[in-house]
Amino acid sequence: MVKVGVVVGSTRKDSFSERLAKALVSVLPEGYEAEYIKIDQLPMYNQDMDADSPQEYIDFREKVGSVDALIFVTPEHNRSIPAPLKNAIDIASRPYGENKWAGKPSLIASQSPGAISGFGANHHLRQVLTFVDVPVVQQPEVYITNTPELFGENGEFLKEGTEDFLKAAVDAFEDLVKRNQ
């Protein structure tokens with residue numbers, strides 16, 4: 001069983017990113033189990049707290065450390081990733097030498113209700129994950145536009161072809177996971 005941590009960059013209730021995450025989880029292959037890793041209750045990272053970390057940091061680091069692979073789904077905020085997502089990455093990559101993200105194969109999906117599809121956020125997240133030693137699916141790149149037209153509230157597919165595209169991305173993710181086992 002491959003345990004996949006799903007990190008949703010939006011902390012908004014019923015977000016479009018959460019809908020996309022549910023759609024991706026729905027096409028995971030047999031033998032894969034998804035666990036959502038919440039980021040909305042994490043205090044802002046402060047290196048002064050590395051020596052005496054708050055319980056939220058400890059629990060979050062343990063959860064990230066317990067998964068085999070990761071799916072990141074994010075909106076775009078000002079051509080970058082949302083602050084809570086960057087904060088979560090910082091927390092689990094610290095203290096120095098105890099990076100919980102390292103070596104975990106991942107898939108990045110960005111989305112937008114508009115036409116840009118989170119392109120900037122997707123590439124910024126790739127840059128950050130590269131630094132914390134996370135191998136990322138390179139092809140296909142997952143940029144989703146017009147999210148409200150593609151997914152229902154529970155991640156169900158509303159438009160033909162969307163499921164096939166996400167399945168191809170998850171197939172590439174499965175290949176990356178196998179190469180990194």
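I looked up α3 and α4 first, and they pack at an angle of about 10° with their axes 11 Å apart. Axes here are lines fitted to C-alpha atoms over the stretch in contact, and angles run from 0 to 180 degrees between N-to-C directions. The angle makes α3 roughly parallel to α4 (under 35 degrees). Leu85, Lys86 and Ile89 of α3 meet Leu125, Val128 and Leu129 of α4 (contact: heavy atoms within 4.5 Å).

I note that this is a predicted model, where local features need pLDDT of at least 70 and side-chain atom pairs pLDDT 80 or more, while totals for chains, interfaces and linings use all residues. Residues are numbered from 1 along each chain, and side-chain values use heavy atoms, without hydrogens and water.

Next I checked α4 itself. Helix α4 covers residues 119–131 (helices are DSSP runs of H or I, at least four residues; strands are E, at least two). Its buried residues include Gly120, Asn122 and Arg126 (buried: under 20% relative accessible area, 1.4 Å probe, protein chains only). Among the elements covering them are β3, α3 and β4. Just after α4, aspartate 133 has a positive phi of about 65°.

Then I turned to the largest nonpolar core, which has 28 residues (a core: buried Ala, Val, Leu, Ile, Met, Phe, Trp, Tyr and Cys residues joined through side-chain atoms within 4.5 Å). α6 gives the most to this core, 7 residues. I found another core apart from it, of 25 residues, Val128 among them.

Technical notes: The expected span of a helix is 1.5 Å times one less than its number of residues. Buried means under 20% relative accessible area, exposed over 50%, partly exposed in between (1.4 Å probe, protein chains only). Angles under 35 degrees count as roughly parallel, over 145 as roughly antiparallel, 65 to 115 as roughly perpendicular and the rest as oblique.
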